[in-house]
Each structure stands twice: as C-alpha cells, then as structure tokens.
Amino acid sequence: MHQPPAVCAVCQRSLDIRIDARGASYVHPPGAQQDHAPVPVPPAAGWRGHCDFCSEHPATHTLPVRDFTVALEHPLAKLTGTDWKSRGNWAACGVCAHLLENQEWDQLRERAINAFVSTYPGPVDTNLNRLMFGELFRVLQQKTTGPVRPVEDGDQS
Ligand SMILES: [Zn+2]
Ligand SMILES: [Zn+2]
C-alpha cells in the first residue's frame, strides 16, 4: 500500500498517514491545528511547510529522518489509540533547529506541547501530552539519520 506525500490545502501542513481498519488515511501531524478535516493535495514545487515541531511558519530547516511506523503495541500508539506513520524528513523552524542542534529534546517537547495546546480546541491533559511527545521524540531520535540542516532552494523535505 503506497500513499504519496500530501499537504493539507487548508493549513499547508504536511500530513501524516494513519493506517487502521478502514485502510490508509491522511491525518494532521501532532501539533497541527485540529479545527478542520485534512484536505490532502500534492505538495507544490518549492513548497515549504510549517515546523513539524511547533507549527511555526515557514520551516527553515530539515531534520533527516527515516520513515517509521509506530506499531499498535508501542506505548505511543497506546496513548493515541492508533498506529501512526511518519514519512520523510521533519521540517523545523529556526528555534526548533537550534534546540535540535543542541540536543535540547526536553525543551523541544515543551515547545511542541505549548504549540499544540494553543491550537487544540478543548481541554488538554498536559501530563498525557508530556508522555506522548516525550515518547514520540524518543522514537524520533532513534530514526534521525543526521544533523539538522538549513533548507536549500529546490529542496523537498
Ligand atoms: Zn489542515
Ligand atoms: Zn519550530
């Protein structure tokens, strides 16, 4: 089953792919605005998305990451109630890139949670989010294949 990368036409975030009993579908990444349904469209040439960590726009850096799937048995999937797939590199804004360069994963987690809380409509369980993002970033660290680098023109991340 192959799903091409897609961005949301409404918020211009790159979309994640979720696979469940109904098959594959596009979902907003953690930290994206959750006030609308994703409208998947192919990314335009030279498209530059939001930061995958804190939603800042535009992303200026890219973190090389191997595709990974968080299986249902994984604690992270238990927390979110679904398995979860990351495709391609992660985009980062200047601030998040700085935190990545310095391996400040705890600060990065707090920044991501703050961004998520500010866009999420409804009550947020901060402890649960701290667990979720902590676990997500722990997996992400294992899948990172190199240092964060500035996006060059013509880069597709
Ligand atoms: Zn959207
Ligand atoms: Zn950021």
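**Reading strands and a helix in a predicted model**

Guide: In helix α3, the residues L108, R109, R111, A112, I113, A115 and F116 are buried. The model under discussion is predicted.

Visitor: Against which elements do the buried residues of α3 pack?

Guide: The buried residues of α3 pack against α2 (94–101) and α4 (126–143).

Visitor: Why does the distance between the end C-alpha atoms of α3 agree with the span that its residues should have?

Guide: Helix α3 covers residues 105–119, and at 1.5 Å a residue its 15 residues should span 21 Å; because its end C-alpha atoms are 21 Å apart, the two values agree.

Visitor: In which sense do strands β2 and β3 pair, parallel or antiparallel?

Guide: In general, strands of a sheet pair through backbone hydrogen bonds, in either a parallel or an antiparallel sense. Here, β2 (residues 16–20) and β3 (residues 23–27) pair in the antiparallel sense, over five bridges. Two residues lie between these strands, which form a hairpin. Within the pairing, I17 stands opposite Y26 in β3.

Visitor: What is the order of the strands in the open sheet of three strands?

Guide: The order is β8-β5-β9, and the pairing is antiparallel. Both β8 (90–92) and β9 (149–150) stand at the edges with a single partner strand each, so one side of each is left without a neighbour in the sheet.

Visitor: How many bridges join β5 to β8?

Guide: Strand β5 (residues 61–63) is joined to β8 by three bridges, and the two run antiparallel. As for individual residues, H61 has A92 in β8 as its bridge partner.

Notes: Residues numbered from 1 in each chain as written. Chains lettered and ligands numbered in written order. Predicted model: local features only at pLDDT ≥ 70, side-chain atom pairs only at ≥ 80, totals over all residues. Pairing = 2+ DSSP bridges. Helix = DSSP H or I, 4+ residues; strand = E, 2+ residues; numbered from the N terminus. Expected span 1.5 Å × (residues − 1). Buried ≥ 20, exposed ≤ 12 C-beta atoms within 10 Å, placed from the backbone. Contact = placed C-beta atoms within 7 Å.
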